[in-house]
Amino acid sequence: DSLLIQNLIDHENFDKIKINDSYSNFLASSNQELEDKYILSLGNLGVHYYKNKNYDDAIKYFELAVNQKVKKTPWIHIDKKWIGSCYYSKKDYTKAIKYFKDELKILKKTNFLQDISSAYYNIAESMNMKDMYDSSSIYLDSAIYILDDLILNVDERDKVNVINAQIEKIQLQTYNYFKINDVENIISITQKYRSAILKEKLNIE
């Protein structure tokens with residue numbers, strides 16, 4: 001009888017443990033969901049203030065989002081990009097470069113090629129605004145290298161679409177070459193991408 005009673009007690013305790021564990025998991029899940037919604041709300045507020053050109057408040061909320069996210073994930077590049085964009089809009093190009101470089105450092109651990117290329121471009125454009133044409137050109141070389149890689153990996157008919165989508169990189173690099181009087185590279189980059197666009201327009205195989 002004592003063995004039967006002990007088994008019943010053990011079974012009852014086991015059920016209590018299961019119930020407590022389920023409740024704990026539910027609470028953890030609920031808390032995680034609330035935290036995710038809170039972080040999302042911070043980012044949304046940042047975007048709201050950015051679109052209304054209230055860059056200081058936008059930066060505040062994006063920074064709060066970064067501080068919350070960094071506790072559980074290294075993937076905070078989107079918030080870093082927004083902060084960089086805020087400083088760029090404030091014409092604080094030094095800080096813009098810093099945050100765009102933070103974004104790039106994170107993205108380099110991924111294979112998000114278009115995002116990496118855009119990060120290089122954002123740094124280059126900020127440097128260009130500080131008349132750092134040589135440095136801007138170096139970062140744009142990396143952005144355009146990725147562009148060339150993307151072109152190689154798409155169908156012939158899609159190459160012009162890729163170029164058109166990335167045209168600002170080509171235009172800024174041409175301007176950099178103009179500012180540093182690099183005539184050879186101006187000719188090279190112009191011919192390189194113009195030939196691809198003309199080929200498409202003339203429907204040349």
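These exercises work through a predicted model of one protein chain.

Residues are numbered from 1 along each chain as its sequence is written. In this predicted model, local features need pLDDT of at least 70, side-chain atom pairs count only at pLDDT 80 or more, totals for chains, interfaces and linings use all residues, and side-chain values use heavy atoms, leaving out hydrogens and water.

**Exercise 1.** Decide whether Ser126 is buried or exposed, and list its contacts.

Solution. Locate Ser126 in helix 5, residues 113-129. Helices are DSSP runs (H or I, at least four residues), numbered from the N terminus. Next, apply the cut-offs: buried is under 20% relative accessible area, exposed over 50%, with a 1.4 Å probe and protein chains only. Ser126 has 0% relative accessibility, so it counts as buried. Beyond four places in sequence, Ser126 contacts Tyr88, Tyr93, Ala96, Ile97 and Phe100.

**Exercise 2.** Describe the largest nonpolar core.

Solution. Such a core is a set of buried Ala, Val, Leu, Ile, Met, Phe, Trp, Tyr and Cys residues joined through side-chain atoms within 4.5 Å. The largest has 39 residues; Ile83 and Tyr193 have the most contacts inside it. Helices supplying at least two residues each include helix 3 (77-89) and helix 9 (183-201).

Conventions. Contact means heavy atoms within 4.5 Å.
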